[in-house]
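Please look at the sequence and the 3D structure below, and keep both in view while reading. The paragraphs that follow lead from a pair of helices to the sheet, and then to some details of the backbone.

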Amino acid sequence: MSKKLKDKPLVFYDGDCGFCNSSVQFILKKRRKDVYFVALQSDLGKKILNAHQIEIQLDTIYFKHKGKIYDRSSAALRICKSLKFPYLLGVCFLIVPKFIRDAIYNSIAKRRHKLNAGYCVIPSENEKKFFLELITS
């Protein structure tokens, strides 16, 4: 990964999950800051997360920001910092204990394939720069 992209916020998502792909599209539409995306199944995703000694779980969203990797509800809520108002306010839920937030996250993650039929994200020409596996391949 280039030094220029090293400190950029990265969202690691399940590329085979329709709900996850919908979430990526939502972030792209509602962002106020640039956020970059890497599929968990990609070689780049595996390389970055393995370097941080993280065993990849496909039912988990990961968010890398300023050298730290967050998972599950912590990742989702920290992504909110990059979104426009009112979604930005989601960060307020970080005051809720992680075990409670993650219990809610886990119940959604179990049903994610039923919530939205699977499809691939097809980024526009303008959005392609935010998908690292498209840049680095």
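Angles under 35 degrees count as roughly parallel, those over 145 as roughly antiparallel, those from 65 to 115 as roughly perpendicular, and the rest as oblique. The axes themselves are lines fitted to C-alpha atoms, for helices over the stretch in contact, and the angles between N-to-C directions run from 0 to 180 degrees. Helices (H or I, at least four residues) and strands (E, at least two) are DSSP runs, numbered from the N terminus.

This is a predicted model, in which local features need pLDDT of at least 70 and side-chain atom pairs count only at pLDDT 80 or more, while totals for chains, interfaces and linings use all residues. Residues are numbered from 1 along each chain as its sequence is written, and side-chain values use heavy atoms, with hydrogens and water left out.

The chain holds seven helices and four strands, which follow one another from the N terminus in the order α-β-α-β-α-β-β-α-α-α-α. Of its 137 residues, 42% count as buried, where buried means under 20% relative accessible area, exposed means over 50%, and partly exposed lies in between (1.4 Å probe, protein chains only).

How do helices α4 and α5 pack against each other? Helix α4 (residues 72–79) meets helix α5 (residues 98–110) at an angle of about 90°, and their axes are 7 Å apart; α4 and α5 are therefore roughly perpendicular to each other. On the α4 side the contact (heavy atoms within 4.5 Å) is made by R72, S73, S74 and L77, and on the α5 side by K98, R101, D102, Y105 and N106. Two of the residues in this contact are nonpolar, three are polar and four are charged, with Ala, Val, Leu, Ile, Met, Phe, Trp, Tyr, Cys and Pro taken as nonpolar, Asp, Glu, Lys and Arg as charged, and the others, Gly among them, as polar.

Helix α4 also lies across β1 (10–13), β3 and β4, running at about 110° to β4. These strands belong to an open sheet of four strands, ordered β2-β1-β3-β4 with mixed pairing, where two strands pair if DSSP finds at least two bridges between them. Because β2 (36–39) and β4 (68–71) stand at the edges with a single partner strand each, one side of each is left without a neighbour in the sheet. From one strand to the next the twist averages 25°. Strand β3 (residues 62–65) pairs with β4 in the antiparallel sense over four bridges, and F63 stands opposite Y70 in β4.

In helix α3 (residues 43–51), the residues L44, G45, I48 and L49 are buried. Seen down the axis of α3, these buried residues fall within an arc of 120° and so line one face of the helix, the arc being that of the directions from the helix axis to the C-beta atoms. The face turned away from this buried side carries the exposed residues D43, K47 and A51.

Most residues other than glycine have a negative phi, and most peptide bonds are trans. Q53, in the loop between α3 and β3, has a positive phi near 55°, and at 70% relative accessibility Q53 counts as exposed. K66, which lies in the loop between β3 and β4, likewise has a positive phi of about 55° although it is not a glycine, and K66 is exposed, with a relative accessible area of 70%. The peptide bond from F85 to P86 is cis, with omega near 5°, and P86 lies in the loop between α4 and α5.
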